[in-house]
Amino acid sequence: SHWTLLVQDVDKHLDEVAELLDYFHFLPTWRLDDIMISYATDQGSVGPNIDDYDVFLFQTAGQRRWQIHTRPVSENDFIPGLDLRILPEFEAEHDWLLEPGDILYLPPNVAHWGVAQGDGCMTCSVGFRTPTFQEMVADWCDEMIEHHIPPGRYRDGIIEQQQAIGEILPQALSRMHSLMKKLLETDPEQQARWFGRFMTDPKAHLQVFPREQDLTPEEVKQSLQTSDWVMRNGWSRFAFSSGAHQDFLYVNGEDYGLSKTLHPLLVILTQNRTIEMAELQKWCQIPESLEILTRLFNEGHLIFDHD
């Protein structure tokens, strides 16, 4: 009794659940992560806990009582050894009873405790993608090392005799600071492209596989002409950004540099999960846009309605 079942990434497997995300178009889609469903029997709960990210709690069936408090909590306050950050003690400041159709927004680091009131309680949690500073810096440094740091080694300037031969002199430290500053200089567009790839990188268990047999641009064009709509793969993350001379489409950790004349197409591709054929008709006639559409179909990110 009092049990709770949590299932993550349900939107990636059920279109009916993914449709809930259409109600969150007031937020950038690249910030959303997944929909987790919590199903509980009467009095079921994971206990009072804290998340580091924004979350919307949508009650879809039954009732759940939510209590929160906004007092500061340190890492030492949680029960050790658990996957969730569970608080052993909890004193509520606010209390709500959510019924089907109700929604509660929780900012990051607000302690909350949800308890099912009766059987058949189901809550959908719409969570945000919130990488840690450490994850961002580590990934950016990997990007710099792999693509932007030139080969070379540290070299001394003019070495003068020093009394304490074990001392790192201020001149050496100044040279080091100048070298590191130069090596870590960032081109804004390069960093923007990295961020687009980083924020669309899929989870390890949600890898998209390419089509078994590639289509040619002409085959894609013909298939589009006989389709009513195209759907984005539910496991694919789409976003785009505008550069100085090109726009960039990001899909599952990859980027595609495209002419700025294709900007409206990028809006179409990233706006909705289902794309009406009428929106793509024009772009089938332009070689560059047909080429990127062909790549997206062949890589498995776009799906025909008859697939």
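This is a predicted model: local features need pLDDT of at least 70, side-chain atom pairs count only at pLDDT 80 or more; totals for chains, interfaces and linings use all residues.
Local features were taken at pLDDT of at least 70 and side-chain atom pairs at pLDDT 80 or more, while totals for chains, interfaces and linings use all residues. Residues are numbered from 1 along each chain as its sequence is written, and side-chain values use heavy atoms, without hydrogens and water.

The chain was assigned domain 1 (4–128) and domain 2 (217–304). These bounds come from an automatic or database domain assignment. The C-alpha centres of the two domains are 34 Å apart. Contact (heavy atoms within 4.5 Å) involves 11 residues of domain 1 and 10 residues of domain 2. About 770 Å² is buried between domain 1 and domain 2, and carbon and sulfur atoms give 40% of this area. Buried area is the accessible area (1.4 Å probe) that two parts lose on being put together, summed over both.

Between domain 1 and domain 2 there are 4 residue pairs in polar contact, both residues being at pLDDT 80 or more. A polar contact is a pair of N or O atoms within 3.5 Å; within protein, one must be able to donate a hydrogen and the other to accept it, and residues adjacent in sequence count only if both atoms are side-chain atoms. On the side of domain 1 that touches domain 2, helix 1 (15–18) and strand 2 (32–40) each supply at least two residues. Helices (H or I, at least four residues) and strands (E, at least two) are DSSP runs, numbered from the N terminus. This side of domain 1 comprises 3 nonpolar, 3 polar and 5 charged residues. Ala, Val, Leu, Ile, Met, Phe, Trp, Tyr, Cys and Pro count as nonpolar, Asp, Glu, Lys and Arg as charged, and the others, Gly among them, as polar.

Side chains of opposite charge can pair when their charged atoms come close. A salt bridge is a side-chain nitrogen of Lys or Arg within 4 Å of a carboxyl oxygen of Asp or Glu. The count between domain 1 and domain 2 is 1 salt bridge. R273 and D22 form a salt bridge, with their closest N and O atoms 3.2 Å apart. The whole structure holds 15 salt bridges. R273 lies in the loop between helix 6 (263–271) and strand 13 (274–276) and D22 in the loop between helix 1 and strand 2, so this pair ties together parts 251 residues apart in sequence. D22 is partly exposed at 35% relative accessibility. Buried means under 20% relative accessible area, exposed over 50%, and partly exposed in between (1.4 Å probe, protein chains only).

D255 pairs with R197 in a salt bridge, at 2.9 Å between the closest N and O atoms. D255 is in strand 12 (residues 254–258) and R197 in helix 4, so parts 58 residues apart in sequence are tied together. Both D255 and R197 are buried. D247 and K260 also meet in a salt bridge (2.7 Å, N to O). D247 is buried at 1% relative accessible area, whereas K260 is partly exposed at 37%. A network of salt bridges links D9, D11, K12, D33, R129 and K203.

D9 lies in the loop between strand 1 (4–7) and helix 1. Its phi is positive, near 55°, in a residue other than glycine. D9 is buried, with a relative accessible area of 3%.

V230 belongs to strand 9 (residues 229–232). V230 is buried at 0% relative accessibility.
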